Structures are given as C-alpha cells and as structure tokens.
Amino acid sequence: MGVGVMRMSWSTTTLLLCSQSHNPTTILFRRPPSFSFRDTTRRRQRSIHLRARRAAATEAQLDDDDHSGIMWKQLQKGIAEFYDESSTLWENIWGDHMHHGFYDPDSSVSLSDHRPAQIRMIDEALRFASLPEEPKNVVDVGCGIGGSSRYIASKYGAKCKGITLSPVQAQRANALASSQSLSPQVSFQVADALDQPFADGKFDLVWSMESGEHMPDKSKFVSELARVAAPGGTIIIVTWCHRDLKPGEESLQPWEQTLLNKICDAFYLPAWCSTADYVRLMESLSLQDIKAADWSQYVAPFWPAVIRSALTWKGLTSLLRAGRKTIRGALAMPLMIEGYKKDLIKFAIITCRKPHQ
Ligand SMILES: C[S@@+](CC[C@H](N)C(=O)[O-])C[C@H]1O[C@@H](n2cnc3c(N)ncnc32)[C@H](O)[C@@H]1O
C-alpha cells in the first residue's frame, strides 16, 4: 500500500508514508531494532562493525536531514511567495475563502452560487465531524486570509487563531478581522503548521481547510494537529489526496505520478498521500472516532468555474498583473479537472477526536 520502507539503518527503521517517489523524506515511524548475538567475541566484532556502520549511517542521515531541511525551506519560500502574490487576485474575484465550494452533485451553477457553496463547505465539514459541543477555541491551520476563522468565530462566538506562511495573507486576514470588529477575538500570524507556536492541548477545534496538501511531512503535520488539540477536541482536515492504492499496488501508475508532479510544480505541493494514509496516521496516534469521506462529487463544478472566472477580462488582466507564479498556477487548473475526472485526485475530509485520557 502507500507505506513503504524508505531507509534501513542500524539505529532506525524509517518508513515512508507517501507513495510518490519524489517525496522529500516523509517519515512515519521509527522503531529500534532488536539484536541477539550468541557469543561475546562475535558480539565484540559486530559491535565494532556496528559502530562503524552507525557512524556512516548517522553521516548519511545528517546529509539526508540537511537535504530535506533545505528542500523544506525552498518549498516554504515558494508557498509563501505564491500566496503573497496571488491572494489579492483571488480575493478580488472570489472573496475571502480560498477553498472549493460544496455543491449538489451534477448541479449547474452560476458565479453567484460559489460563495454560498464555499460557506456550505465549512458547514458540511463541521456537520460531518459532529462536534460534541460548540467550539470555544479554534486554530485555523493554513488560514489563507482567514475566511474560515471569521465565519466560525461569528457562528459560535469562538476565539480563533490562524496561521499561514504568507505575510501578505496574515496582514490581510488581521485587517479583515478588525474591519468586522472581530479582533482581538480572531487573530492571525505567520507560522509553520509543522512547528506551531501554541501550547499543547489548547484548542477544542483544530481546523485545516485545504492546507494539508502543502505539508511535506504528513506525519509531523497530523501529530502537530493532535498536539495542539485539547483532550476531547475535534480535528478536521479537508484536503486534496490521491486515490487509495489498490490491494497489492505499491505506488501510483507512472502516468498518475507524472500528472501529480506537474500539479505539484505549479501549486508548490510536495508528494501527495491518500485518504487511507491519513486514517493510518490518525490510528497510529491513537486518535478516536476517525471518519473519512470522498467529497469529490460535491466539488466537481469548482475548477471549471475558476477557469471561467480567469477567462473574463477582469480575470485575465488581474492574472497578468499578479505575476509569474500565479500564471503558472492558472495554467495548471485543467490538470486538476483531469485528475478528478480520471479518479486520481480525491477531495477528502478526514476527522477525528483527541482522547480525553
Ligand atoms: C489553499 S490556501 C487555503 C486557505 C484557507 N484555509 C481557506 O480555506 O481559505 C492554503 C493555505 O495553507 C497555508 N500553508 C501551506 N503550508 C503551510 C505551513 N507549513 N504552515 C502554515 N500554513 C501553511 C498557505 O499559506 C495558505 O494560507
């Protein structure tokens, strides 16, 4: 399935979560090896070999860690610049929600239907997760310009903290919160979802709407969401996944990986994983009430609508003004439609609860 052995060293066995080959070291589990040697001499000799091999493995590990650290820094920079550059254009045409809308399957829609559909996406996700009670403290991980936070804060009277990699988004999100008299109840900052600036157990709702696809280490991502969740708190992840692998399949087909790689390049995404991978990660952290669903059929009208809006005079001139990264993203939009049509891309929701202990 999607979990394969990446590297075996003497000190660790490292398992790789994602099934795409160019994944920059997405680590799922490390476990200590067990050795049993019969006599002391052999043990001593082996111990020398072990030390040598361990030293070599550590060196290789450091090289790999350095390499993945550099790749992560580059990806982070790309994501931040992509959203710094494109968020104003998106807001001018689509408003403050930077996520898919939720539509009735096979419905025909017009431009005025999209904002209600984006709000419906938030409501459907909250309903799917069956919150035990109204949330009081919410973290919005990968908050964009804060549309979800402001909506959830207004709906429940909750306090919300949003994080994004984009300084332009954080600034705009705070300005919008202030203009809607929602600050300081709702506030935003630049921070990394993989290293969140929050204490353990702080939030009764941990919300990630279409940011998971940007995370190069899904294991770290889910464990950070679990860390900041309060006991009994709910975690909601709505994200792009690739299809679940079939029994006996070890990776996606080459054409599928090629298509995803093109999308990754355009939207600053690392390797993708499947919904089943997320479920396994949550299980490995002993999270409870894990639920997942494929909502691809409910989002089908979205990308055709984004393309139609980009092809208007306003869309085209704004695109040209926005810059190279945004244009590259726009050119990749038909690939998303192709991925959905070929059942490769899945629009997934995965929710769970942190145990009370
Ligand atoms: C498609 S936008 C979704 C925005 C928002 N959730 C919404 O629905 O309007 C993806 C967001 O994820 C954020 N993001 C990506 N990687 C991140 C990371 N490692 N840490 C924090 N935010 C991240 C981006 O900065 C961007 O705000």
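Tutor: Proline 184 lies in the loop between helix H4 (167-179) and strand E6 (186-190), where helices are DSSP runs of H or I with at least four residues and strands are DSSP runs of E with at least two, both numbered from the N terminus. The bond that joins serine 183 to proline 184 is a cis peptide bond, with omega at about 10 degrees. This is a predicted model, in which local features need pLDDT of at least 70 and side-chain atom pairs count only at pLDDT 80 or more, while totals for chains, interfaces and linings use all residues. Residue numbers start from 1 along each chain as its sequence is written.

Tyrosine 268, in the loop between helix H6 (254-267) and helix H7 (275-284), has a positive phi near 55 degrees although it is not glycine. Tyrosine 268 is buried, because 22 other C-beta atoms lie within 10 Å; the cut-offs are 20 or more other C-beta atoms within 10 Å for buried, 12 or fewer for exposed, and anything in between for partly exposed, with C-beta atoms placed from the backbone. Serine 286, in the loop between H7 and strand E9 (288-294), likewise has a positive phi, near 60 degrees, in a residue other than glycine, but serine 286 is exposed, because it has 10 other C-beta atoms within 10 Å. Serine 130, which follows helix H2 (114-128), has a positive phi near 40 degrees as well.

H2 itself can be checked for length. The expected span of a helix is 1.5 Å times one less than its number of residues, so the 15 residues of H2 should span 21 Å, and the 20 Å between its end C-alpha atoms agrees with that. Its buried residues are His114, Ala117, Gln118, Met121, Ile122, Ala125 and Leu126.

Histidine 100 counts as buried because it has 26 C-beta neighbours inside 10 Å. Leaving aside neighbours within four places in sequence, histidine 100 is in contact (C-beta atoms, placed from the backbone, within 7 Å) with Met121, Val299, Phe302 and Phe347. Histidine 100 and valine 306 are 206 residues apart in sequence, yet their C-alpha atoms are 9.7 Å apart in space. Over the chain, 74% of the contacts with a separation of 6 or more join residues 24 or more positions apart.

Of its 73 residues, Ala125, Val206, Trp207, Leu225, Ile235 and Tyr278 touch the most other members. Strand E8 (residues 229-242) gives the most to this core, with 7 residues. Valine 206 is in contact with Val139, Val141, Leu225, Val228, Ala229, Gly233 and Ile235, apart from its neighbours within four places in sequence. Both Leu225 and Val228 are among the buried residues of helix H5, and because 8 of the 11 residues of H5 (residues 218-228) are buried, this helix is largely enclosed by the rest of the structure.

Strand E4 (residues 137-141) is also largely enclosed by the rest of the structure, because 4 of its 5 residues are buried. E4 and E5 run parallel and are joined by 5 bridges, where pairing requires at least two DSSP bridges, and aspartate 140 stands opposite glycine 162 in E5.

Of the 23 residues around the ligand, Gly142, Gly144, Ala193, Ser211 and His214 come nearest.

Technical notes:
Two residues are in contact if their C-beta atoms, placed from the backbone, lie within 7 Å. A residue is near a molecule or strand if its C-beta atom, placed from the backbone, lies within 6 Å of it. A nonpolar core is a set of buried Ala, Val, Leu, Ile, Met, Phe, Trp, Tyr and Cys residues joined through C-beta atoms within 7 Å.
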